[in-house]
Amino acid sequence: MSLSRSPSPNRGGGWSSPGLTAPYENLSGRASPRKGYGEVQMNGSLGASNVTWATAKARSDEVNGYPSFSTRNNGFFSRHARQISRSLPSFVRGAEKEKLGRGRWYPNSGSKSGRILGFLGRSIWRLRLRLLIILFFVLAVIVFYVTPMHRAYRRASLFGGGSKFVIILAANQGGGVMEWKGPREWAIERDSVKNKKKYAKKWGYNLEIVDMSTKKRYAHEWRESWEKVDTIRKCMRKYPEAQWFWWLDLNTFIMEPSYSLQKQVFNDLASNTYRDINLYNPLHIAHPFNNSQLDPDSLSPVGDGKASSIDLIIPQDCAGFNLGSFFIHRSTWTDRLMDIWWDPVGYEQKHMEWEHKEQDALEHLYINQPWIRSHTAFIPQRRINSFPAGACGENGEDSRVHYKETDRDFVVNMAGCEWGRDCWGEMYNFRELSNKLNRTPWEKFKDGISDWIKAMRAKPEKKEGKS
């Protein structure tokens, strides 16, 4: 007899799928399998289940904790990895021909230009670290020496400290009343002002150009010609953060703009200056005082010996103090000095005797006032105030006073050039000499080529002249 479905040992069936034969009896003596996944107990009886084999298999996997199966190459990059790798450039030498034919990034693959580009690309990649270092160095040079960044750096008090210095330039001295200024005088002033502006801009210093034209500003008209003290006072009020003030006459020229004031003078003030005037004493001033009632600093030839107590730095020429280039420091002592130095009573009594005006007045104070000496220092003249050969030349050239090109002196002062010398000629010669001495390597190369061409052209002319 044929059956439409497999017999089940349980009443009502219980096989999960049709067509299955009865399972073997298990060890427990049961003749039918355990309950299917679809069987539920309702009112104490088991109901029939119609669960398929695939559903039972999936649930069995979930019970046993196995992960669900996923096909390979489902992601975009997984499916297209080979295609993407073919499009990438290839820099591998000695690879298979099949690989070398793929992924050329340069145009005209196989051409001479393509090979050159490939070689350059590989070379740049190998030298990338060195090239980055060179690029960083070039950018640093551009930022700090081409852009205004280096001026801000040099002005900052934490770095260069240029804002602590003020250059005071006396311009248009005596103009308008004492004499008419001609083309040469204007040319001297133009070159001098341009020279100081370039130097102050390079090192971040403050520059104050003072109009010294003679006007009726004071009780006595001739007071105009020695108003340095009053001018310095005004600059101190205008620049309250500045500490040192450098006075320069109009007939001065900075020969070496690469020298900073810090390096030239202030970084080692004690060794660059001297306190004992006996080391060079053209005025033959008795020093120090021998009055026992004075304090030890006044009796000492070097004061207290500390560089921090120096408030006035003066060079000396063959005739004594020279105020064409000098430094003065902001301090209480300086305020007291300028009060007495600019005293109208002393001026009225002595101005006819003091031929060099405020310079002679300062010498008088130094000789007679002990407290002046304890804060005054002297600096070798050629360090900030060299003279040309025509100045102080009565006794010939003096190595302590006159400019030397081989030593590359810092500043030249054409002092007294208006008395029998050519101020414009001296200014022009020193300007050209400064430009020559401070040429860049490229400028030296161009000048060398130009000189060589001139020499080659001069040879045929000499031969023609001899013939």
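The side chains of E256 and R408 form a salt bridge, with N and O 2.7 Å apart; the term denotes a side-chain nitrogen of Lys or Arg within 4 Å of a carboxyl oxygen of Asp or Glu. E256 belongs to the loop between β6 (252-254) and α9 (261-264), and R408 to the loop between α16 (381-384) and β11 (411-413), so the pair ties together parts that are 152 residues apart in sequence. E256 is buried, at 1% relative accessible area, whereas R408 is partly exposed, at 26%. Here buried means under 20% relative accessible area, exposed over 50%, and partly exposed in between (1.4 Å probe, protein chains only).

This is a predicted model, in which local features need pLDDT of at least 70 and side-chain atom pairs count only at pLDDT 80 or more, while totals for chains, interfaces and linings use all residues. Residues are numbered from 1 along each chain as its sequence is written, and side-chain values use heavy atoms, with hydrogens and water left out.

D409 pairs with R382, their closest N and O atoms being 3.0 Å apart. D409 lies in that loop and R382 in helix α16, so this pair ties together parts that are 27 residues apart in sequence. D409 is buried at 6% relative accessibility, and R382 is buried at 15%.

Across the whole structure, 15 salt bridges are found. Among them is the one between R439 and D447, with closest N and O atoms 2.8 Å apart. R439 is partly exposed at 25% relative accessibility, and D447 is partly exposed at 30%. D191, R431 and E432 are linked in a network of salt bridges.

Charge also gathers on the surface. R190, K194, K198 and K202 make up a patch of positive charge; such a patch consists of residues with over 30% relative accessible area and no salt bridge, like charges being joined within 9 Å. R190 is located in helix α7 (residues 183-203) and is exposed, with a relative accessible area of 52%.

The chain as a whole places these details in context. The protein chain contains 18 helices and eleven strands, assigned as DSSP runs (H or I, at least four residues, for helices; E, at least two, for strands) and numbered from the N terminus. Of its 467 residues, 36% count as buried. Among contacts (heavy atoms within 4.5 Å) between residues at least 6 apart in sequence, 68% join residues at least 24 apart. The accessible surface, computed by the Shrake-Rupley method with a 1.4 Å probe, comes to about 30200 Å², of which 56% belongs to carbon and sulfur atoms.

Key. Patches are made of residues with over 30% relative accessible area and no salt bridge: like charges are joined within 9 Å, nonpolar side chains (Val, Leu, Ile, Met, Phe, Trp, Tyr) within 5 Å. Lys and Arg count as positive and Asp and Glu as negative; His and the chain ends are not counted. The place of a charge is taken as NZ of Lys, CZ of Arg, CG of Asp or CD of Glu.
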